[in-house]
Amino acid sequence: MTNDASDHLKTFLAPEAAARVQSLRLADGRVTIVLDASGLDARARAGLETSVTSALEAVQGVSEVRVALMADKPDGAGAVKAAPRIIAVGSGKGGVGKSTVSANLAVALSRAGCKAGLVDADIYGPSQARLLGTEGQRPVAHDNRLVPVASRWGVPVLSMAHLSDPGQAIAWRGPMASGALTQLLEGHWDDAEVLVVDLPPGTGDIQLTMLQKFKPAGAVIVSTPQDLALIDAARAAELFEKGGVPVIGMVENMAGYVCPHCGETSDPFGSGGAEACAQTMGADFLGRIPLDIAIRRESDAGTPTAAGEGPQADAFAALARKVADWLDSH
Ligand SMILES: Nc1ncnc2c1ncn2[C@@H]1O[C@H](COP(=O)(O)OP(=O)(O)OP(=O)(O)O)[C@@H](O)[C@H]1O
């Protein structure tokens with residue numbers, strides 16, 4: 001777009017919004033605008049986004065407006081914001097609920113007042129776009145770095161699912177996968193104090209890149225109570241410790257199934273295994289998340305359980321409190 005067209009679009013903005021424009025592009029009727037939102041609180045940021053969107057949507061020839069808010073300038077006191085601290089969420093085995101726990105941990109942290117972002121490092125099987133209800137959204141890039149996608153839950157998120165087409169198989173080799181992870185982690189996470197990173201299961205290239213390059217503050221290990229899953233979980237924990245990343249603790253997911261019909265509790269994957277395993281490893285036990293059909297349903301619907309009310313939301317809130325306390329003391 002020419003400077004003229006950009007200047008023309010700016011005339012539709014209120015002067016204080018126009019003064020915050022860092023870049024403005026118009027292509028095929030779609031406006032992509034990056035605004036400097038430094039110094040604004042959450043409410044002012046939301047107000048700025050709404051006013052800019054409605055002002056530009058009213059301009060003839062504009063069919064869509066995408067707004068990215070940046071806060072990467074030094075704040076008023078001249079201090080540069082610290083990089084967010086990384087919490088890696090790992091598991092030895094796939095399918096134990098690591099992505100579910102990551103998404104709900106990030107939402108529960110945010111509910112507790114901690115600014116949390118979410119990175120889906122499970123780049124071969126990304127699920128966080130669905131879990132946070134941001135499917136179909138595309139992040140914009142600013143200064144060659146991705147701007148995280150906002151979710152309705154106060155948790156910005158970046159996932160390969162935002163960059164690839166739904167259902168598209170991703171078959172990358174190790175170095176490319178590690179490069180993709182770097183892009184996600186080096187996005188504009190300016191406001192976030194904590195980044196929850198959902199790792200792929202196992203102990204491969206991605207996990208190594210993560211440890212070597214980004215030095216997480218700590219790791220949360222997710223396991224079901226099943227023996228086999230626990231053996232793999234112990235292996236994952238070992239990888240973190242060897243890489244100098246402290247294990248914050250272990251979460252037992254899919255623990256205790258309460259029958260919605262008769263109310264009886266059963267333990268399809270056993271019970272108490274993760275707590276015992278954590279003890280053996282000298283790690284803390286961070287709590288149990290029950291096997292509940294509502295968690296599965298809400299995950300599929302993009303409305304994370306931790307954003308609601310009830311015992312399961314409380315279980316995620318308790319987990320978030322433990323993680324936040326750990327961060328405060330480390
Ligand atoms: N506590 C729970 N209660 C009911 N369903 C759950 C629970 N935790 C996870 N699930 C469901 O189990 C399935 C696997 O969960 P999820 O994708 O979070 O696992 P994962 O360990 O990240 O898997 P992958 O290794 O494939 O990425 C999903 O359908 C999810 O909704």
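Ile-33 is found in strand S2 (residues 30–36), where helices (H or I, at least four residues) and strands (E, at least two) are DSSP runs numbered from the N terminus. This is a predicted model, in which local features need pLDDT of at least 70 and side-chain atom pairs count only at pLDDT 80 or more, while totals for chains, interfaces and linings use all residues. Residues are numbered from 1 along each chain as its sequence is written.

**Surroundings of Ile-33**
- Ile-33 counts as buried because it has 26 C-beta neighbours inside 10 Å, the cut-offs being 20 or more other C-beta atoms within 10 Å for buried, 12 or fewer for exposed, and partly exposed in between, with C-beta atoms placed from the backbone.
- Leaving aside neighbours within four places in sequence, Ile-33 is in contact with Val-21, Leu-24, Val-52, Val-65 and Val-67, a contact being two C-beta atoms, placed from the backbone, within 7 Å.
- Ile-33 and Val-67 lie 34 residues apart in sequence, and their C-alpha atoms are 5.1 Å apart in space.

**Packing of H4 and H11**
- H4 and helix H11 (residues 311–328) pack at an angle of about 75 degrees with their axes 8 Å apart, where axes are lines fitted to C-alpha atoms, for helices over the stretch in contact, and angles run from 0 to 180 degrees between N-to-C directions.
- H4 is therefore roughly perpendicular to H11, a term for angles of 65 to 115 degrees, whereas under 35 counts as roughly parallel, over 145 as roughly antiparallel and the rest as oblique.
- In H4, Asn-104, Leu-105, Ala-108, Leu-109 and Arg-111 meet Phe-316, Ala-317, Leu-319, Ala-320, Val-323 and Ala-324 in H11.
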